[in-house]
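The sequence and structure are shown below.

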Amino acid sequence: MVEAAQVPKTGEFNVLVGKVNEILQDAIGAPLRYMVNWGRLYSLWPVHLETACCSVEVGAASGSRFDAERFGVLEAFGSLRQCDLIIVMGTVTRKLAPRLKLIYDQMPEPKWVIAMGACSITGGLYFDSYNVLRGIDDIIPVDVYVPGCPPRAESLIQGVALLQDKIRHSTSLRGT
Amino acid sequence: MSAAFEYSPEADRIMSVSLGPQHPGAGHFRIRLWLDGDLVVRADPDPGYVHRGEEKMSEYRNYIQNVPHLERPVILDSSGILFAYSLAVDQLMGNKIPPRAEYLRVIMAELNRIISHEYYLGILGLFVGQTTMITWMMGDRDLFIDLGARIGGARVTFAYIIPGGVRNDMPEGLQVQAFETLDWFDKRMDEYEKMFFRNPLWEERSKGVGVLSREDAIRLGATGTVLRASGVAHDIRKAEPYSAYPEFDFSVASLKEGDTWSRAYVALEEMRESVKILRQAFKNIPPGPVRLKLGPQPRVPAGEVYARTEAAHGEESYFIVSDGTPKPYRLKIGTGSFKNMIVIPHLLKGIHVADIPPVYWGLNYWPVHADK
Amino acid sequence: MQPADSARKVPAASPPSTSASPPVTTAGPPVSTTGPATSPPDTARTKALADQIVAKFPSTKVDYAREKRLKVTVPPEQIRAAALFVRDVLGFDHLTLVGGTDYMQQKEFEVIYFVGSISKPGQQDLVVQLAERVKRESPNVPSLTEVWGGAEYHERETYEMLGIVFEGHPDLRRLLLPEDWNDIPPLRKDYVSPGR
């Protein structure tokens, strides 16, 4: 009869591996994730997708008074393949919807989406129009919703700060 | 077999490129370009990416409920386009607007003109590479948005000029802040001129580029700064005066050359004239009520009306057919940017690819405005 | 819901300025006035224009001749000749808008060309509304892009929103609607917006 208290050799090894894993995770994994997240959240580059009225407030937020660049949000006027944030500002129509999905697919991982303005959250003021999508979260996954019509530039910056919080606490290297 | 594949060097040289809906140089608008090397052979605008169906939506809302969504085609100049709508509805109803409300309408319209032109020139500067323009202009624009917000309540969506007058009176002591801003802005505009318009790089890039002749401008139906930069001094505020404009002393800015430099400079001159009008308006505004009591569902008698005003982006006109019910039967919006859209393929033909940003952004074309 | 044709009356909100306001530099009175009395609007100029058009095209119907707006309806076969007359002889060379309306009760479409004047002095505040009516079952009208070049995009928009076909248009295809739009033209009265 085997003694119940006698743990076989392989079981000891597993427990040892588990303990070493925990130590390594705390010693290397957590700082690594912290550094990776720190790098990501302070350099969110949004895709320049100018939509409707809300784009005016994004322009004001990037302007000299509100200056979103001090948070790292710099509109990269190059290619969207360098960007990791897409701020959907304003109304998305049925004509633009396939292009929006294409743009989202073309962005490399990790990527985040901010839905800015009432039109991109639920269709907003244009809920009964024949050409307007009632919210973009049916097409692409949204991380932060910034309500308003249009949201003030400070609201948009608060939305970006919320997204930065979310990234700071993310536990996977994929960023989501 | 021989007819299956024909190679001809001429046909192969033309490359078709899409200046697509996601492009820093195009806004929410797509231009299909056919290029022969560096020259544009043909350009075809593809609007409609922000077509929100405002004309159909207006038939389901009454005349007061139509105000919020009708100010959003060009949110930069929301009061300018609402002015046309309010004029049309007031003419249909036979409203007599109190004088203080007329002055407040003009004040808001001219503030919005400055706000819109600042954005226009800033974006133009940004896309030709002069980023000082955008940082200066976005900052200065915020001062005028502050004035507008003190009157209208919100930052860009004022919804202030409504049928029957204006929504509310301006606060006490606004004149002080207004005169401070206007005095400072006068000197600032001279700085703009030295920094940008007399800058040899900008002159090199824009003088003689994208020339629109006077005959073409009239034939194609261009409006706004595009028309006035081509030698036609046509401004609805002077040609068919409305509201309180006859009581102000200002002139119409216009230049003869019709190139990109002229179009941008006409905008600067218009800002100077707006400052003049604002000074007079703030000084001479009469006391009195600011709004007629119309009720939430005003009854509008049956009839038709066609009213037009000069907004920042061009002539804004409304054609309203009413059948006596509180909702319009047909509301047709004629936006300044839509009228100028026909100029885009005309001007882009035959120019170099590097000239597309100055020409296109110099037209003061807002895609959302043309799409309605 | 139909607008009653007989109820198109002149709105009384355009009285001219009196001696109380300062002198203006251009022709044409403002819309609202700060003066004490209002006199009836002066429709002499538009009436003169209307008389000229009717003299040349006898089947024209003058809908209204207000102080600054003149609306005439011509049959679609004569619209091109009438447009050339309005542009060349009367001097209205600046097309500002083309609008279409669906009068479903009367089974007709109406297309109106709103034309202003720039080159000829003395009439810069007038707008001539050149209208035509066409049957709803066969809405084909001639295109006026050769008369006023700016009509090209306006006619394209009217085509896609109401389904009116402009014959002779250089490039009649849709402008604002999505490419995969397969419903009836949305501004017709029998199209109901989703959710309404």
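Which residues of chain B are linked in a network of salt bridges? The network comprises B:E110, B:R113, B:R228, B:D235, B:R237, B:E270 and B:E310. A salt bridge is here a side-chain nitrogen of Lys or Arg within 4 Å of a carboxyl oxygen of Asp or Glu.

## Basis of the model

The model is predicted, with local features requiring pLDDT of at least 70 and side-chain atom pairs counted only at pLDDT 80 or more, while totals for chains, interfaces and linings use all residues. Residues are numbered from 1 along each chain as its sequence is written, chains are lettered from A and ligands numbered from 1 in the order in which they are written, and side-chain values use heavy atoms, with hydrogens and water left out.

## Salt bridges within chains

Over all chains, the count comes to 56 salt bridges. In chain B, B:R30 forms a salt bridge with B:D46, with the closest N and O atoms 2.7 Å apart. This pair links distant parts of the chain, as B:R30 lies in strand 2 (residues 30-36) and B:D46 in strand 3 (residues 39-46) of chain B, 16 residues apart. Helices (H or I, at least four residues) and strands (E, at least two) are DSSP runs, numbered from the N terminus. Both B:R30 and B:D46 are buried, a term that means under 20% relative accessible area, against over 50% for exposed and in between for partly exposed (1.4 Å probe, protein chains only).

In chain C, the side chains of C:D102 and C:R136 meet in a salt bridge at 2.8 Å, N to O. C:D102 lies in strand 3 (residues 94-103) of chain C and C:R136 in the loop between strand 5 (127-135) and strand 6 (140-142), so the pair ties together parts that are 34 residues apart in sequence. C:D102 is buried, with a relative accessible area of 2%, and C:R136 is buried with a relative accessible area of 15%. In chain A, A:E154 and A:R152 meet in a salt bridge at 3.0 Å, N to O. Here A:E154 counts as partly exposed because its relative accessibility is 38%, and A:R152 counts as partly exposed at 41%.

## Helix 3 of chain A

Four residues are named as buried in helix 3 of chain A: A:A97, A:L100, A:I103 and A:Y104. Seen down the axis of this helix, its buried residues fall within an arc of 120°, so they line one face of the helix. The arc is that of the directions from the helix axis to the C-beta atoms. An α-helix has 3.6 residues a turn, so residues three or four places apart point the same way.

The buried residues of helix 3 of chain A pack against strand 1 (85-89) and strand 2 (112-116) of chain A. Contact means heavy atoms within 4.5 Å.

## Interface of chains A and B

The contact takes 36 residues from chain A and 39 residues from chain B. Chain A and chain B bury about 3,200 Å² between them, 59% of it on carbon and sulfur atoms. A:E50, A:V56 and A:Y126 supply 19% of the area that chain A buries against chain B, more than any other three residues. Buried area is the accessible area (1.4 Å probe) that two parts lose on being put together, summed over both.

Between chain A and chain B there are five salt bridges, and the side chains of B:R155 and A:E57 meet in a salt bridge at 3.0 Å, N to O. The elements that give two or more residues to the side of chain A that touches chain B are helix 2 (54-61) and helix 3 (97-106) of chain A. Helix 2 of chain A gives the most, with five residues.

## Interface of chains C and B

In this interface, 69 residues of chain C are in contact with 64 residues of chain B. The area buried between chain C and chain B is about 5,400 Å², of which carbon and sulfur atoms give 56%. The count of salt bridges between chain C and chain B is six. C:E157 forms a salt bridge with B:K332, the closest N and O atoms being 3.4 Å apart.
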